Amino acid sequence: MTTPAQHDRDLAEGRVARLKQDLRAGLATPPGDVEAMDGLVASAHRLLDAELAFEEAEHRLANAKLEARHAATQRAVVWFAAAPVLVPLVAGALVLFEVLTPVWLLALVPLFTAGLWIGFAPVRRAGAVIRERTRAAWAGSVTAALLVGALIPWPPSVACTILTALGVAATAGLLWRESRIP
């Protein structure tokens, strides 16, 4: 099923192809009189107008695709933000009730802030911004999973702690890169 933007682009492309074919057919034999030449000039003007309409249709199609990606990203990042927000909240409660040491706040606060930014900051309609926000959302979710692994008292918790710190830095870095995109 084609979208209206794709349909408009296809119609414009067909019109350009038809006008090019007509112009080639008219130029195959040299025009014999002034009226034939005027017809060819009029055909060339119609071709230029059709090519402009085709370029506009291509631009509208690109914008429609970007808008679809933007809407999908807006919906997805809200779900991805759940883990980077909820896991630090629960861990923060554990710090509050003195189950964990306050040192954990060094990882919890940036991850919580990044999760809020991922989920609730507006995503601009630029391809690079959409890609960076998606990457940050994935990094934040993986970091939240690593944080859960770091909080469980088991042998690989030291490795998970180190990876959590790296994940928090990576998530924050991706969000910083996104904010720097014009």
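The sections below take up the record's annotation, the helix contacts and the aromatic pair in turn.

## Model and annotation

The model is predicted, and the values given here are computed from its atoms. An unreviewed UniProt entry places the feature "transmembrane region" at residues 76–97, 103–123, 135–152 and 158–176.

Among these spans, residues 76–97 are 91% helix and 0% strand, with the end C-alpha atoms 33 Å apart, while residues 158–176 are 100% helix and 0% strand, with the end C-alpha atoms 27 Å apart.

## Helix α5 with α6

Helix α5 (residues 127–151) and helix α6 (residues 157–180) pack with their axes 8 Å apart and at an angle of about 160°, which means that α5 is roughly antiparallel to α6. The crossing in which α5 passes α6 is left-handed.

Residues of α5 in this contact include Val129, Glu132, Arg133, Ala136, Gly140 and Leu147, and those of α6 include Ser157, Cys160, Leu163, Gly167, Leu174, Arg177 and Glu178. Divided by class, the residues of the contact of α5 with α6 are eleven nonpolar, eight polar and five charged.

## Helix α5 with α4

Helix α4 (residues 105–120) also meets α5, and here the axes come within 10 Å and cross at roughly 145°; α4 passes α5 in a left-handed crossing. From α4 the contact is made by Leu108, Leu111, Trp117 and Ile118, and from α5 by Arg133, Ala136, Ala137, Gly140, Thr143, Ala144 and Leu147. The contact of α4 with α5 has eight nonpolar residues, two polar and one charged.

## Helix α5 with α3

The axes of helix α3 (residues 82–96) and α5 come within 8 Å and cross at roughly 25°, so α3 is roughly parallel to α5. The crossing of these two helices, α3 and α5, is left-handed.

On the α3 side, Ala83, Pro84, Val87, Pro88 and Ala91 meet Gly140, Ser141, Ala144, Leu147, Val148 and Leu151 in α5. The contact of α3 with α5 comprises nine nonpolar and two polar residues, with no charged ones.

## The aromatic pair

The structure holds one aromatic pair. The rings of Phe80 and Trp138 have their centres 4.7 Å apart and their planes at 50°, and the pair is therefore tilted. This pair links distant parts of the chain, since Phe80 lies in helix α2 (residues 34–80) and Trp138 in helix α5, 58 residues apart.

Definitions and conventions. Residues are numbered from 1 along each chain as its sequence is written. This is a predicted model: local features need pLDDT of at least 70, side-chain atom pairs count only at pLDDT 80 or more; totals for chains, interfaces and linings use all residues. Side-chain values use heavy atoms; hydrogens and water are left out. Axes are lines fitted to C-alpha atoms, for helices over the stretch in contact, and angles run from 0 to 180 degrees between N-to-C directions. Helices (H or I, at least four residues) and strands (E, at least two) are DSSP runs, numbered from the N terminus. A crossing is left-handed if the near helix is turned anticlockwise from the far one by less than a right angle, and right-handed if clockwise. Contact means heavy atoms within 4.5 Å. Ala, Val, Leu, Ile, Met, Phe, Trp, Tyr, Cys and Pro count as nonpolar, Asp, Glu, Lys and Arg as charged, and the others, Gly among them, as polar. Angles under 35 degrees count as roughly parallel, over 145 as roughly antiparallel, 65 to 115 as roughly perpendicular and the rest as oblique. UniProt positions are given in the numbering used here, feature names are shortened, and annotations may be inferred rather than shown by experiment. Rings of Phe, Tyr and Trp (its six-membered ring) pair if their centres lie within 6.5 Å; planes under 30 degrees apart count as stacked, over 60 as edge-to-face and the rest as tilted.
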